[in-house]
Amino acid sequence: MKFEHRIISEEAVTMLHLPSSYLLALLILLCILTNATSREFPKGFLFGAATASYQIEGAWNIDGKHATIRNIKFKNVSGKTENIWDRACHKVPSPVADNSTGDIANDSYKLYKRDVEMIRELGVDYYRFSVSWTRILPTSFPDYINEAGVAYYNNLIDELLKYNIEPMLTIYHWDLPQKLQDMGGWTNPYIIDWYADYARVLFQKFGDRVKNWITINEPKEICFQGYAIGTLAPAYTMSGVADYLCGKNVLLAHAKAYHIYDKEFRPTQNGNISITISCQWYEPESDREEDINAANEMILFECGQYGHPIFTDSGDYPEIVKQRVAAKSAEQGFLRSRFPELSPEEVQYIRGTSDFFGLNHYSTFLTYRNESVVGYYEIPSYNDDVGVLFYDKEEWSIGSHNRVKTTPWGFYKLLRQISNFYNNVPIIITENGFATLTGFEDNDRITHLRLYLNALLDAIKDGSDIRLYTPWSLMDNFEWMSGYTQRFGLYEVDYDSPELTRTPRKSAFIFKEIVKSRTLDFDYKPESYVMTIDEGKALINFKTIKVRSTSIPYSDWAENLKCKERWIIFERQTMLRLPFANLLSLLLSFGILTSAIGVCVCHNPRRFPEGFMFSTATASYQIEGAWNVDGKTENIWDHICHKEPSPMADNSTGDIANDSYNLYKRDVEMIRELGIDYYRFSVSWTRILPTSFPDYINEAGVAYYNNLIDELLKHNIKPMLTIYHWDLPQKLQDMGGWTNPYIIDWYADYARVLFQKFGDRVKNWITINEPKEICFQGYGNGTMAPAYTMTGVADYLCGKNVLLAHAKAYHIYDKEFRPTQNGNISITISCQWYEPESDREEDITAANEMILFEWGQYGHPIFTDSGDYPEIVKQRVAAKSAEQGFLRSRFPELSPEEVQYIRGTSDFFGVNHYSTYLAYRNESVVGHYAVPSYFDDAGVIYYAKDEWAIGTHNRIKTTPWGFYKLLRQISNFYNNVPIIITENGFATLPGLEDNDRITHLRLYLNAVLDAIEDGSDIRLYTSWSLMDNFEWMNGYTQRFGFYEVDYDSPERTRTPRKSAFVFKEIVRSRTLDFDYEPESYVMTIDAGK
């Protein structure tokens, strides 16, 4: 029996007219059949538990006299004061379902140690809790800080950390000071500053220990339920006006808190901060276009209204929201839109204010739109503005409580949608739960939990970057207007007991086992219902082992480490004193490869994640030849190769190269033989635009690339087109090339032509290949065409222009072409790894700064939340320039408008990587480099070790540990941006037996898999290169190809090396197997390719 989908769609469910109990049984059966009953969570995945202050703390007016107007006026306040939930719950008649209050609740103000004990029993990694604003600031403002309240949270935090439980602190979870609500609460723009002042106090008081912050919990519930429909405090009903004002203020308050933390506290506290947004899933009721639009727009109104301004590259509210409310407002006679839009400055202020996406999810709904929606809702109102009808189905219920339905397929779709909306932002699930009635036997909750965790694992498998799951809730609590009638807890709380006894439900034991085993097992049943704390909970789990002594025999530590830890980092290179060849042999005998800064690699076969793709790459000048054929004109590489004397190592040129202009069908045949998914190639600017400009388009050149693209697509190979790979028209170089700001427009005009000519079929674009090599090697040290040596000036001018040209091409594509072509576009940056030579602070700083100078200079302006160049780069060059007598910095900084223009211009991070170096800084760096120069500005000395080389060619060393660290650093620098490895390869001499390349390839792919396991979002690996080619200034002396090219043959015969067969098997099996040996060296095309 086979099933094609892991998540059962609503369409399939509606076809089954079964009672809900049978439907549930079928759902579980399908889940078990389509997934193994046991599924492991990814390495590093975390679990938490959650509560909120008003819902559990009680002590509503404890530790000080309850505030009166007189008390507040004269600062005679010493304890918690009234918040909006105190006020709502004390109303008569009570709006709460069971007339209850949170006056005592779970009495966690006194029983926090029992709460921590429960968390220890579950074994979770995090505890998410919130702070009561009025417990910390009784006057609502920081003029008085209640030390008793501070002490309570200090005690809680310290108790958590005592047992290695990370606190995740929610700054605001709905309990606004009543005093501020009396001044309009979240509808008053002044609340932005009030909230920010409060947040700053928390950062000051708890930020030394709290490293994970949620600014605000569920903006939509605060605004819509609190100010629109009256189902949450302060229970106002001003839909269509107050809720929108609230929404804008919540976003700006969140952003201000983020910026305060990021600027004032993160440098010393090193934490993370974001917002938690409630997102439900809206499924079209049918495949009618109206229903599909209805579902999409409902998502944008509910979740996108708060998510888009923060998480999208462009920021701001969804256009449909602004347009719809403005149009409705005009129809209704309003003089301006009821929806308060964001100014350009506010858009900028809010966008990117997040280190992750905090998600609360509970429900799925079916949506539709037809004529019945007209007049259905109150006017004006949020619901009328959306103009959508939605509902859930009774048969989605399981168990005796109807509050939360069970629709894991909706959860899956939501997770994938968030990933798709927001560039696969890291997702932290901060709430997801199920309501029951009282009782220990909560099998319905267990079923719900397992199905939703199963959906989560499906989403991870399909590419979503989900880091943590938090069930709601640790224990029963005051469930807002429902009081204590709904129970969400893994622990039941006895509200009839003065001790408010907490007792673990069956679900607590199930969840405990999931956390302990990091496995979702549908068959697991607890052997005992006696809850204990697992032995060793207090121990720290290390991901790396630091070997601090050479006294351990090599055989002992190698055997102990074999296939237990992947990465062994030695703190001193001098610790291993064996000759490298002997050391290599020793470690290979244990299934380990190491370098002097060691790597431990398990050689068991490893699968690549589902959806992972493979590619190979070439570049136009390096393979095409036909340098002056069919209308092509001279580029900078034609020009330099024809110089006398030749600067090429072997006096060669690319005039013929691999003759791919004529042999492109053989190139595609080789790609088919390898079975890869993508082929990355570049276009020759002067083959398309012989005059350099779009006044004349060379149709012969267009036909060549059309033929190549069509041949690829004919065989289901996706083209990845690099717009610029170093072959600038010589005519433009004569006008200054990349140092001339006009090149921004020249390049953009060229890029637009390619979008127009090929964008109907090309869906993956690289704007520019390797800015650093273009600028530093081309204009700085003269090792690439145009071979100028003006380092410290021309290379920096080039760098700025490359970034702006890239950004302009991105914006052109994004605005003019993406809506119809639906492609992706980014830049490829060459990134090498710099490792500190020692643990001296100077060397650590040197390595970090070298990274920022080399690739942070190009990566930060595009990929960081703040944009712009790294500060250290600007500061060092400005200081050096002043010392050297320059009237202004040699480094051309970006204006605020340019920062804005460049930032976020990427759909992924294209990375080329080849080398790792050791870096240090000491007094010897003074005078070591030319002044001025890029290297003198960086002030770092670096080198690679000879013993890192394998084989006969010394060009590329083998340091997979550096590749791993690089990939993790990119992920950490840039919010786990999706990574496309666009080049990684190994140079050899001629010959078909290239075992060194195979070793290098396997080790680097192993490092990729390690990085993926540890959280990096890596989508594709591209090996350089498909075949040998013209290797720039090295001519044909270095061979990078899977296929050897016979340059003595007029036919430029391509012959697969051994590595081609190994790579083909990796691609075919999606498995890295160090033991695989080809059975045949006859290359074929697999059936069906």
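Helices here are DSSP runs of H or I with at least four residues, strands are E runs of at least two, and both are numbered from the N terminus. Before I go on, a word on where this comes from: this is a predicted model, where local features need pLDDT of at least 70, side-chain atom pairs count only at pLDDT 80 or more, and totals for chains, interfaces and linings use all residues. Residues are numbered from 1 along each chain as its sequence is written, and side-chain values use heavy atoms, with hydrogens and water left out.

Back to α24 itself. How far does helix α24 span between its end C-alpha atoms? It covers residues 660-674 and spans only 18 Å, while a straight helix of 15 residues would span 21 Å at 1.5 Å a residue; that expected span is 1.5 Å times one less than the number of residues. There is also a kink of about 35 degrees, centred on Arg666. The bend at a residue is the angle between axes fitted to the seven residues ending there and the seven starting there. Several residues of α24 are buried, among them Tyr661, Tyr664, Val668 and Leu674. Buried means under 20% relative accessible area, exposed means over 50%, and partly exposed lies in between, with a 1.4 Å probe and protein chains only.

Now please find Ser53, in helix α3, residues 53-56. Is Ser53 buried or exposed? Ser53 is buried, because its relative accessible area is 1%. Leaving aside residues up to four places away in sequence, Ser53 touches Ser130, Val131, Ser132, Tyr153 and Asp175, where contact means heavy atoms within 4.5 Å. Take Val131: Ser53 and Val131 are 78 residues apart in sequence, yet 5.7 Å apart in space, C-alpha to C-alpha.

For a contrast, look at Leu245 in helix α12, residues 242-269. Leu245 counts as partly exposed because its relative accessible area is 33%.

Let's finish with the whole protein chain. The secondary structure comes to 37 helices and 32 strands. Of its 1089 residues, 63% are buried. Among contacts between residues at least 6 apart in sequence, 76% join residues at least 24 apart.
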